[in-house]
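User: I have a new model open here. Could you talk me through it?

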Amino acid sequence: MTDDYGPVAGLLLAAGGGRRLGGRPKALLEHRGRPLVEYAAGVLREAGCTRVHVVLGARADTVRERAVLPGCVLVDNPEWERGMGSSLRAGLESLRGTGARAVLVSLVDQPGIGAEAAARLVAAYDSPATLASAAYEGRRGHPVLLGADHWAGIAATATGDQGARAYLKAHADAIALVECADVADPYDIDTVADLARLERHLG
């Protein structure tokens, strides 16, 4: 068991190939003059996650070369083209044996969600049985906090681009909703039109 993880580890899903962005991997999109994956990992660190696992897929070697990710464990997902579910499974598997009792899961393509929102989710941790989700005017979104008691069940149901969605839907009554609309904007960078949101002055 490793004692430098603290109760809540960070897990950043950054493997996507950016198909609707003309094949530009989202991890390598520029934000504030640096790869987007750097910003997203920094959000988790600033929120209180001592250790952050970053799941890479598309052009993983280039991400490793360009991105500066101190304190991060880089996890390769050779099955990244199968969707987010495979990245979530790879990330959860990489946390086994670390001593982490919960994981805060975020997506690399949501730069409107900063450290303040993420820290609210970290603060929602109570035990390995905790399930918590950011909410935006009452609607569930990202990031999500997954207690270790749930990891096996989540991995078993994470397929395609569903991630933890099926498991969370089945356990909706157990999820603590943490309102974040006052400090975050949960937009996705999915298309070329969305790239305007990455302008440096908007960051």
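**Cavity, pocket, salt bridges and core**

User: What does the lining of the largest cavity look like by class?

Analyst: That lining has twelve nonpolar residues, two polar ones and no charged ones. Ala, Val, Leu, Ile, Met, Phe, Trp, Tyr, Cys and Pro count as nonpolar, Asp, Glu, Lys and Arg as charged, and the others, Gly among them, as polar. Before we go on, this is a predicted model, where local features need pLDDT of at least 70, side-chain atom pairs count only at pLDDT 80 or more, and totals for chains, interfaces and linings use all residues. Residues are numbered from 1 along each chain as its sequence is written, and side-chain values use heavy atoms, with hydrogens and water left out.

User: How do you decide what a cavity is?

Analyst: On a 1 Å grid over the protein atoms alone, a cavity is a set of points where a 1.4 Å probe fits but cannot get out; a pocket is an open set with protein on both sides within 12 Å along at least five of seven lines, and lining residues have an atom within 4 Å of a point. Points are joined across faces, edges and corners, and the volume is the space filled by probe spheres set on them.

User: OK, how many cavities of 30 Å³ or more are there, and what volume has the largest?

Analyst: There is one of 30 Å³ or more, and the largest cavity has a volume of about 120 Å³. It is lined by 14 residues, with V43, S106, L107, Q110 and I113 nearest its centre. Helix 1 and strand 6 are the elements that give two or more residues to that lining, and helix 1 gives the most, with five. Helices (H or I, at least four residues) and strands (E, at least two) are DSSP runs numbered from the N terminus.

User: How enclosed is helix 1 itself?

Analyst: Eight of its eleven residues are buried, so helix 1 is largely enclosed by the rest of the structure. The buried ones are L36, V37, E38, Y39, A40, A41, V43 and L44. Buried means under 20% relative accessible area, exposed over 50%, and partly exposed in between (1.4 Å probe, protein chains only). After helix 1 comes G48, which has a positive phi near 115 degrees.

User: Which element gives the largest share of the largest nonpolar core?

Analyst: That core has 45 residues, and L12, V37, V54 and L104 have the most contacts inside it. Helix 1 supplies its largest share, seven residues. A nonpolar core here is a set of buried Ala, Val, Leu, Ile, Met, Phe, Trp, Tyr and Cys residues joined through side-chain atoms within 4.5 Å. There is also a second, separate core of 25 residues, which includes A100, L107, W151 and I175.

User: What does V37 touch, leaving aside neighbours within four places in sequence?

Analyst: V37 is in contact (heavy atoms within 4.5 Å) with L12, A14, A27, V54, V63, A67, L69 and V108.

User: Switching to the largest pocket: how much space is in it, and what lines it?

Analyst: The largest pocket holds about 1200 Å³ of space. Its lining has 38 residues, and K26, M84, L107, D109 and D161 lie nearest the centre. Strand 8 makes the largest share, five residues. By class, there are 16 nonpolar, eleven polar and eleven charged residues.

User: K26 and D109 are both there. Which network of salt bridges are they in?

Analyst: K26 and D109 are linked with D190 in a network of salt bridges. A salt bridge is a side-chain nitrogen of Lys or Arg within 4 Å of a carboxyl oxygen of Asp or Glu. A search of the whole structure finds eight.

User: Tell me about R64: what is its partner?

Analyst: R64 pairs with D76, with the closest N and O atoms 2.8 Å apart. R64 lies in helix 2 (residues 60-66) and D76 in strand 5 (residues 72-76), so the pair ties together parts twelve residues apart in sequence. R64 is partly exposed at 36% relative accessible area, and D76 is partly exposed at 43%.

User: And which residue does E116 pair with?

Analyst: E116 forms a salt bridge with R120, the closest N and O atoms being 4.0 Å apart. Both lie in helix 4 (residues 115-123), four residues apart, about one turn of the helix.

User: Last one: is G57 buried or exposed?

Analyst: G57 is buried, at 13% relative accessible area. G57 sits in the loop between strand 4 and helix 2. Its C-alpha is 3.9 Å from that of A15, although the two are 42 residues apart along the chain.
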